[in-house]
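The following exercises ask you to read a structure step by step, from the overall fold to single residues. Please try each task before turning to its solution.

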Amino acid sequence: MTLRNLGLLAAAVVVAAVACGGSTSTATTTGSTIILGAPLGLTGSLTKESTLTQQGYNLWSDWINAKGGIVVNNVKHPVTIKYYDDTSSANQSAVLMQKLITEDKANFLLGPYGSAATATDAAIAEQNQIPMVEANGAAQSIFSQNYKYTFGVLSPANKYLQGVLDMAATLNPKPTTIALLSADDSFSLEVADGINTYAPTKGMTVVLYKKYKNGATNLSAEVQAAKAANADIVLNSGHLLEAIAINKAAKEQKLNAKIFAYSVGPSTPDFITALGADANYVYDGSQWTPQVKYTPAFYLSEADYVAAYKAKYPGLGDPDYHVAESTAACLALERAIENAGSLDPTKVRNALAALDVTVFFGQVKFDSRGLNIYKPMVVEQIQNGVHHTVYPASVADAKPMYPTPSWDQR
Amino acid sequence: MIATLDSNRRWRRAFLIVGGIIAAYALLAPLTSLDAAVSANVPLLADRLWFRIATYIAMFIVMATGWNIIGGITGYAAFGNVAFFGIGAYTTGMLIAKAKWPFLAALPFAPVVAALFAALVGLPLLRLRGHYFAVASLGVGVAVGELVQNIDYGGQPLFGGASGLFLPIDSIANRGLFFFYLMVAAAAISIAVTWWVLRSRFGYGLIAIRENEEAAAVLGVNTTAYKVAAFALAAALTGLAGGIFSQWNVFINQDNAFPIEYNVQMILMALLGGTGTVFGPAAGAILLQLLIQFLGGTLPISFDLPFVSETARPIVAQIILGLLLVGVVIFVPRGVIDFFGGRSRLSLSYLRRSLRETSL
Amino acid sequence: MANFVQLVILGLLAGGVYVAVGVGFGLVWGVLNIVNLAHGGLVIVGGYITWQLFTALHLDPFLTLPVNAVALFVLGYALQRGVINRIIRAPLLFTFLLTFGLNLVIINILLLIFGSDFRSVTPTYSGQGLEFGSVVIPYVSLTSLGAALLLAAALAFILNRTRIGLAINAIAADRDAAQLVGIDLRHAYAVTFGLGAACAGVAGGLIAMIQAITPTAGEPYTLQAFVVVILGGLGRVSATVVGGLAFGLVEAFGQSIPGSGSVFANAIAFGLMVLVLVTRPQGLMGRLR
């Protein structure tokens, strides 16, 4: 509670400082409110991830409005983000996108959660020629359609687990065999394809590649196959639900490996609360961790970002990367609007295409498809119930605990 | 007695007039968005959001009305009709995305392929009765979506795989308007087909099957052929909706072409409106979609919930939707169509009577 | 060979959960003629009770199962008595509409109370098990299977040996005749649905141990309950037990198909179900009525 009051106080101070500073600087007038919009799955099966996305968006909107708004040609424009519940349905997401564009007159769009909704909404943004900056659809297929108005700030899917192999190549004894399990949705399959093509370049062999049904909770036969493959590295490309199921089954069936790494899941605090001590030693590929060290051109530093999150959402622990990447999407949009010096959608679109800026989340720059291929992924490991960044060494705050001890010896 | 008849007739006439005005408005208002109308300073009566919602409503009218042919008229509770929607969407989608056909050339194949598939699976499935048929058709619905997503051919996904199919964004002028009228046309076709079925020998056969299949067979109805034909007809209509959806939405994958919740929704709509009737499923589709959109906050009229926080609001809206469904089933078990056309009037005694009829 | 034995064991163990989910669903379907789309929602209510008791009071999850059963029985009884009984004479499909609406209410109340976080129950002995060479039998799964079989046995006992059970059987055979001999239909119906919900609650407790749950996590189980009940044959507890174990085995062997067997898990399971329905509508174990 005190922490929260402190945060409010800090915000008030910032407002006061900006207000005072404003009277002497050139940005004096307040212009029209910029309306941003996002359909999110606030009910239904994607509620958890959608809530994290919303938290990331809100953190930025609080900050920018405390400053008075986005400065465009010396005029400050406050920001409102409109949210609607798409009940985790891609088709309803499309209706809401149209609502945001047509009736709420949203100037710009923020992405929904999930690849299906993102793909559907990208087509609508394209038809209406309104830029959409998204942070939660990493499947590259969306960006192979020559769409001009959709930009993703996150590293693409195929990079998710490559960092784990980079790290593995530095370890001693070097692991050489991989058992790869993957859910059958487009995002997870792209992650898996990334491994299949990347492993040979690191002198590693994928000895088992098995796909399973997205959302499966009984993965004992898959884990059994991985055990039979007796690989050094067990990789899972899926989501939080499957990551928890696989880790439980791995312990039950005594599947031992030197490295357990899952694409999505371990970075979310739920993974640790659900599994307790069994979560230890697990690696994941993460878009961002609170430990990364970038030199932000504007907005908060990593430490201040974590503090701001804890002040606004007390009791939830550190922000995970879903939150951070969602904030980063807002930052990219903000900087593009400033660079464009205009609220014109096409000009802002062009400014997004030309954007190259580093924020707490890392470098944000888009290739010709609208994908941010420039920011590296980092590798996290859960050590004694706490997330630590272990790779690349330049941003790491701990060394990998390697090899993972067998289940009997924990 | 005569007074009641008179009052009913007046009621029916009032309904027809009001309904006609609303329908005319819904159909004509979108025209105000045409460039010609805008430059002539005609006030804008419907915007792109309204096209999208109205197109969805029309799409559900097609699906609910299609379901009604097999589920309502024939009495076979199909629970997997979303398979036909998906097959229609993927047929058109494949022809456009892979074979580079123009949309209007590809569209007619959607209902044809869906109907052929329905006839094929209908032959064994329609031997089952009651819940068994419902569950088996659910199985087919789930399996088809899974196969479409995962079947590989020569190492490549045959139907676009998990990434789905991206169709080129067409350059149809006023495309929102175009797809609205196309979907409305499909809805009109589905209602016309139902109207024809209910007046034809074929339809009498289907109703006979619903009421007593053995007796129908004794009377000389070829029950197998009739049932399969009804199933295929339902599939054709649903497939047509799917075919239009694919180009309208531009992107299709397993999530949006085979959404399992549509299985339930189309039945809900038919029941809500009144099964076995011509206009019931359409009325149910309009009502349920409008209700969903109203609670979701997309309609011009919205509502505020006192004492409910911003985060809890969408959740409470879903709870309200659930409670409304429960209430409707309990109090209006014959569907809302009962109130239209002069059969019954909404009153306390009606609700009490309904409750008594279905209660234990 | 060891791998084959392990697969069979894993399949049977996983089947325990399907048995628990299936018996309640099958009872309500067979006796009341209600296809309960809210079954998955009730399952997850049980899951949250177990999680809450485990987290707050550190109760062993297996000890929470009776609590689940009682709590869900009360909830189920009230739902049937207060709501579902009111449409029991309406056409069959109306139970779809009603239970769909109830499910929506249940899921979203859970969302209001517990939020969308993934919750799981991981007791200290989770992950340990018996080992025979390379073949492993995890305690949690083994005890779950035991609990599920116990649940089925208890249900069979209630249905075949108690007064209310015989009344329920009489209703299943002929509702009107049952009423004529003086059975209180409203009460008997409510007890039946309550028993079905109690089974769902126990299943939910087991599920919270093997996976992470969210308010919507019950949906797949409603679908699977269809298959389990049909595979075994509607109307008898023992048939559902066979159906549940068979489903677990089918799933395990489907997953073990090299490459991508399990992406077709539903297609295989439902395909098998359709095959059973078309060739043996009474189910693997059922008798023709």
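**Exercise 1: the overall build of chain A**

Among contacts in chain A between residues at least 6 apart in sequence, 70% join residues at least 24 apart, where a contact means that two C-beta atoms, placed from the backbone, lie within 7 Å. The model is a predicted one, in which local features need pLDDT of at least 70 and side-chain atom pairs count only at pLDDT 80 or more, while totals for chains, interfaces and linings use all residues. Residues are numbered from 1 along each chain as its sequence is written, and chains are lettered from A and ligands numbered from 1 in the order in which they are written.

Task: describe how many helices and strands there are in chain A, and explain why chain A is described as being as compact as a globular protein of its length.

Solution. Begin with the elements, which are DSSP runs numbered from the N terminus (helices are H or I with at least four residues, strands are E with at least two); chain A has twelve helices and 17 strands. Next, take the radius of gyration over C-alpha atoms and compare it with the globule rule, 2.2 Å times the number of residues to the power 0.38. The radius for chain A is 22 Å, close to the 22 Å that the rule gives for 410 residues, so the chain is as compact as a globular protein of that length. The C-alpha trace spans about 70 × 45 × 35 Å along its principal axes. Finally, 61% of the 410 residues of chain A count as buried, a class that requires 20 or more other C-beta atoms within 10 Å of the residue's own, whereas 12 or fewer make a residue exposed and values in between make it partly exposed, with C-beta atoms placed from the backbone.

**Exercise 2: a sheet and the helix across it**

Task: give the strand order of the seven-stranded open sheet in chain A, and state which strands helix H8 of chain A lies across.

Solution. Strands pair if DSSP finds at least two bridges between them, and the order that results in chain A is S10-S9-S11-S12-S13-S16-S17, with mixed pairing. The edges are S10 (205-212) and S17 (386-391) of chain A, each of which pairs on one side only. Neighbouring strands of this sheet are turned by 25 degrees against each other on average, direction ignored. Within the sheet, S12 (residues 259-262) and S13 (residues 283-286) of chain A run parallel and are joined by two bridges, and Tyr262(A) stands opposite Asp284(A) in S13(A). Helix H8 (residues 240-252) of chain A lies across S9 (177-183), S11 (233-237) and S12 of chain A, and runs at about 150 degrees to S11(A); axes here are lines fitted to C-alpha atoms, for helices over the stretch in contact, and angles run from 0 to 180 degrees between N-to-C directions.

**Exercise 3: one face of a helix**

Task: identify the buried residues of helix H12 of chain A, and explain why they line one face of the helix.

Solution. In H12 (residues 345-354) of chain A the buried residues are Val348(A), Arg349(A), Ala351(A) and Leu352(A). Seen down the axis of H12(A), they fall within an arc of 165 degrees, so they line one face; the arc is that of the directions from the helix axis to the C-beta atoms. As background, an α-helix has 3.6 residues a turn, so residues three or four places apart point the same way. The cover over the buried residues of H12(A) includes strands S6 (108-110), S7 (132-134) and S8 (150-152) and helix H11 (321-340) of chain A.

**Exercise 4: backbone details in loops**

Task: locate Pro173(A) and Asn73(A), and describe the backbone at each.

Solution. A cis peptide bond with omega of about -5 degrees joins Asn172(A) and Pro173(A), and Pro173(A) is found in the loop between H5 (162-169) and S9 of chain A. Asn73(A), in the loop between S3 (70-72) and S4 (75-77) of chain A, has a positive phi of about 50 degrees although it is not a glycine. With 13 C-beta neighbours inside 10 Å, Asn73(A) counts as partly exposed.

**Exercise 5: where chain C meets chain B**

Task: state which helix of chain C gives the most to the side that touches chain B.

Solution. In this interface, 40 residues of chain C are in contact with 37 residues of chain B. H4(C) gives the most to the side of chain C that touches chain B, with 13 residues.
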